[in-house]
Amino acid sequence: MFEYLMPPLVMRAPAGSLLDQTDRLVVRKQIEYGADIALPWGISESAYNVRDLELNYQYSNFGVPVSV
């Protein structure tokens, strides 16, 4: 969600623009998906705390599956 919610904090998208529509759609889909699976929406990647054998941080994305 960071990638969608951060830019509007520093840069305004014109109402109805493609960027504005995308931001609204993504947030709506996250909220709907969270409600469907009974979990909070918009979980951050920072909640993924896994390290490999050399203690390197491992990244994993979160969000609505493409098939939804």
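Me: Why is M11 called partly exposed?
Reply: M11 has 44% relative accessibility. Buried means under 20% relative accessible area and exposed over 50%, with partly exposed in between (1.4 Å probe, protein chains only). So M11 counts as partly exposed. By the way, this is a predicted model, where local features need pLDDT of at least 70, side-chain atom pairs count only at pLDDT 80 or more, and totals for chains, interfaces and linings use all residues. Numbering starts from 1 along each chain as its sequence is written, and side-chain values use heavy atoms, leaving out hydrogens and water.

Me: Where is M11 found?
Reply: In the loop between α2 (7-10) and α3. Helices here are DSSP runs (H or I, at least four residues), numbered from the N terminus.

Me: What makes M11 part of a patch?
Reply: M11 forms a nonpolar surface patch with F2, M6, L9, V10 and L19. Patch residues have over 30% relative accessible area and no salt bridge, and nonpolar side chains (Val, Leu, Ile, Met, Phe, Trp, Tyr) are joined within 5 Å. Together the six have about 630 Å² of accessible area, by the Shrake-Rupley method with a 1.4 Å probe.

Me: How do you know that D23 has no salt bridge?
Reply: A salt bridge needs a side-chain nitrogen of Lys or Arg within 4 Å of a carboxyl oxygen of Asp or Glu. For D23, the nearest side chain of opposite charge, R24, is 7.6 Å away. D23 is buried, too, and lies in helix α3 (residues 18-36).

Me: Which residues does D23 touch?
Reply: Y4 and P8, not counting residues up to four places away in sequence; contact means heavy atoms within 4.5 Å.

Note on methods:
Helix = DSSP H or I, 4+ residues; strand = E, 2+ residues; numbered from the N terminus. Lys, Arg positive; Asp, Glu negative; His and termini not counted. Patch = residues over 30% accessible without salt bridge, like charges linked within 9 Å, V, L, I, M, F, W, Y side chains within 5 Å.
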